Every structure is written in structure tokens, then in C-alpha cells.
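Colleague: Could you take a close look at the aromatic rings in this protein, and then show me what surrounds them? I would like one connected account that I can follow with the model open beside me.

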Amino acid sequence: MPSHETTAYAPLLRRIHWATAVLFIIAMLIGFYCGLQPPGTSPRRELLEVHKSLGMTLLFLSVLRLMVRAATRVPPEPSSFGALVRFAARINHVALYLILFAMPLTGYAFSSAGGYSLKYFWTFSWPRLVADSPQIAHAGEVAHDTLAYAVYAVVALHIAATFWHALVMRDGTLARMWPRSGNR
């Protein structure tokens, strides 16, 4: 590999990745916990406000992430990756991006059409772009709840692959996205 090629993602993209990962896991855990609590109870109501706010933050971070990724150079995959590993990684990353957009959008549709709060961290309310509709609210809720299972699977696979690359393969894959890794 020529010496001018980088092996790590751009620093801003790495920061967005880790901010997304932390916020996504927090939102996922809050959503899971709230799903176990009776509707309309405290702290479920308050935690759902945080969950929805994190979801909207993740939606905007995902847009920013795609813009930064389009504007920066993606480092080449390690030569040790076989065709199956490359294919699995691409499928997992596409699934993660789809989930990062689908979860906030289905949650927004559910909340907006269901007449639920659309407050952003108790500061302002998002506009209701979806009119009150029990059918749309139900469809959004079903989609959001169903996608939650995909979230658990895709995130678990992503984390497992990270550990596999870091601890078993020791191929430097984690260093490509690690916040303080070098560019070479």
C-alpha cells in the first residue's frame, strides 16, 4: 500500500460514529426498558421523552454522517478480508444505516399520528407532519416495535464482529474507527 493512503476513517467521521454508537445504545436500552413498563406510568413517560429526543438526535447525526462520509475518503478494507467478510460487513453496515433512519422516522410517525408528545428534551416541540390517525399511529408502532428486533440483531452482530476482528483476527479493523487511532 502506498504510504500516502490512510487506514483510518476521517477524524470527524470517527467522532460521529462513536457519538452515534453511545446514543444509539442508550436509546435502545431506554426503549427496551419502557417496553416492559405499563403505559402511562412514571418513569416510562419521562424516559420515552428522552428516548424520542435521542432518536431525533440520531436521525440528524445520521444525515451529518452520510454527508461527512461522502465528503471524505473511505480507507480501503484490509487485504486480509475475504469475499464473505466484505459482503457480510457491507450488508451489516447497510442494515445499520437503514435502521438509523427507519427507527426515528417510524417513532416520529407513531408519536405524531398518535397525538403523543413531540418535545425535544423538554425544550420545543417538533412539528406534527403526520395528522392524527389511529391507522398511521398503529402502523408506525408496529413498524417501530418490529424493527427493534432487527436493531438487537444487527447491533449485536456489529459488536460481535468488532470483537472478532480485535481479539481473534487482530487485523486492525477497530483501529480504523477508534477515536484516537492514527491515520496511517
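**The aromatic rings and their surroundings**

Modeller: Let's begin with Y116, which has a relative accessible area of 45% and is therefore partly exposed (buried means under 20% relative accessible area, exposed over 50% and partly exposed in between, with a 1.4 Å probe and protein chains only). Please keep in mind that this is a predicted model, in which local features need pLDDT of at least 70 and side-chain atom pairs count only at pLDDT 80 or more, while totals for chains, interfaces and linings use all residues. Residues are numbered from 1 along each chain as its sequence is written, and side-chain values use heavy atoms, with hydrogens and water left out.

How many aromatic pairs does the structure hold? There are 9 aromatic pairs (rings of Phe, Tyr and Trp, the last by its six-membered ring, pair if their centres lie within 6.5 Å; planes under 30 degrees apart are stacked, over 60 edge-to-face, and the rest tilted). One of them joins Y116 to F110, edge-to-face, with 5.5 Å from centre to centre and 65° between the planes. In another pair, F124 and W126, the ring centres are 5.1 Å apart and the planes stand at 70°, so this pair is edge-to-face. F124 has a relative accessibility of 38%, so F124 counts as partly exposed. Both F124 and W126 belong to one aromatic cluster, whose other members are F60, Y120 and F121.

Now for the chain around these rings. The protein chain contains 5 helices and 2 strands (DSSP runs numbered from the N terminus: H or I of at least four residues for helices, E of at least two for strands). Along the sequence they follow the pattern α-α-α-β-β-α-α. The C-alpha atoms fill a box of roughly 60 × 30 × 25 Å along the principal axes. Of the 184 residues, 35% count as buried.

What about the nonpolar interior? The largest nonpolar core has 24 residues, and F24, L54, I99, V151 and V155 are those with the most contacts inside it (a core is a set of buried Ala, Val, Leu, Ile, Met, Phe, Trp, Tyr and Cys residues joined through side-chain atoms within 4.5 Å). Two or more residues each come from α1, α2 (44-71), α3 (83-113) and α4 (134-169), and α1 gives the largest share, 8 residues. If you select V155 and set aside its neighbours within four places in sequence, you will find V155 in contact with F24, M28 and L96 (contact means heavy atoms within 4.5 Å). Apart from this core lies another, of 6 residues, with F110, A113, L118 and A137 among them. F110 is thus a member of that other core as well as the ring partner of Y116.

Two more residues are worth a click. V63 sits in helix α2 and, at a relative accessible area of 35%, is partly exposed. L29 is part of helix α1 (residues 11-35), and its 53% relative accessibility is why L29 counts as exposed. From L29 to H51, 22 residues apart along the chain, the C-alpha separation is 9.0 Å.
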